[in-house]
Amino acid sequence: MTQTTSILIKDPIIIADEVHRNSILVVDNKIEEISSKLNDNDAEVVIDAHDKIAMPGLVNTHTHVAMTLLRGVGDDQALQTWLNDYIWPREANLTDELVYAGSRLAMVEMIKTGTTMFNDMYFYMQQTAKAVEEAGIRATLGYGMIDLFDDEKRKQELKNAKELIKSSHNTADGRIKVAITPHAPNTCSAELIQESVKLASDNNLKLHIHVSETQDEVDLIKNEHGMTPFKYLDTLGALSEDTIAAHGVWTTPDEIKLLSERGVTVSHNPSSNMKLASGIAPVADYLENGVNTTIGTDGVSSNNNLDMFSEMKLTALMQKVNTLNPEVLKTRQTFNMATVNGAKALGVNTGELKEGKLADIVLVDTNVAHMVPLIDPLSNIVYAALGSDVNTLICDGKILLKDKQLTTLNEQEIIDEVRSAALQL
């Protein structure tokens, strides 16, 4: 990995609280200075970024990165059919080696498309942690617990979660955190969710769970417990400022107020919700009610990529067409969902280009046809940019991508490895 201790990003257009042109000095792993007075002698490495936009690294708040192995599996199916008939049977064949290979491929894809931090729930997570450490990005990782209301299974799932805390929390120079991740209220017993809440609280960890993804899930919870999913989770103590709820498609107005009161984060997954025909989450209502709302890709087999630029654009467009109001979800709101809101959800001092923040920085090329003219750089980032426009990526003060070339990973070796590994599933 590049061991540079100081980097000067010279003269980019910077998307901060305001859009302006300046230079950025990175020292060690933080943004030391942003000003027009910086010069080439101020750093060991100088990046000429006059034709680039500098922006915070994107934060993917809900995904299952090793599912790169299942890209293209189970297309055009409803969620339960997709899970029961296509995904879970293949996941039963997962191994340490396969998850490691799939995770490494995801690192390649995320770095090359501007993601510097992600929040993941899956299996064999020590292998994903290994891939994260090698790649150099940030991650919050959780073992996906599903007990299907079986006592012995619950005990084993909690044991697996505790082992991940011991092996991986606060590793990789603090870039890797562990979260507690019960899968969903319809696949986990009340006891598992309550014990998950306690485990997260005792260890000061985030709680990450799927909630209200489909109408069927909502109906099931209402029939079994006499209340909607978020209200049910609230009775189990599972809603707090440390909770990240993935999807939240079928949330009621009363539940939205509850989420605001409890400080819960909702991770919106537009591509996955569209592909599985789950519905359109009330993102505009979340934001209007002060709910911290972020963006995730979900897993690759329900997306089918990890490109957060496409998720930003879809987030805005879906809300406009759903509300028939073109003024809903301004570019700044959408951009914040993919950056600073995600950093807030995961409790990491990044997500903004400001002095003192951790140096997670993406440089986007503007010298391509679809980025010209640059009348409004923020508009171009949300509506015009593609993940492939990312030229350089810095995470924790280290250059992981320079002129579109990875510095920590061998891309072709990883691609060849996954082509072979995917056949085993």
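In this predicted model, C395 has a relative accessibility of 0% and therefore counts as buried, the cut-off being under 20%. C188 falls under that cut-off too, and so it counts as buried at 1%. As for covalent links between cysteines, a disulfide joins the sulfur atoms of two such residues. With a limit of 2.5 Å between cysteine sulfur atoms, the count of disulfides in the model is zero.

Turning to the strands, an open sheet is built from seven of them, arranged in the order β3-β2-β7-β17-β18-β19-β20, with mixed pairing. The edges are held by β3 (residues 19-21) and β20 (residues 405-406); each has a single partner strand, so one side of each is left without a neighbour in the sheet. Within this arrangement, β2 (residues 13-15) and β7 (residues 52-56) run parallel and are joined by two bridges.

Buried positions in α15 are I414, V418 and A421. Viewed down the helix axis, the buried residues of α15 fall within an arc of 65 degrees, which means that they line one face of the helix. The cover over these buried residues includes α2 (residues 96-112).

Conventions
Residues numbered from 1 in each chain as written. Predicted model: local features only at pLDDT ≥ 70, side-chain atom pairs only at ≥ 80, totals over all residues. Heavy atoms only, no water. Buried < 20%, exposed > 50% of the residue type's maximum accessible area, 1.4 Å probe, protein only. Helix = DSSP H or I, 4+ residues; strand = E, 2+ residues; numbered from the N terminus. Arc of directions from axis to C-beta. Contact = heavy atoms within 4.5 Å. Pairing = 2+ DSSP bridges.
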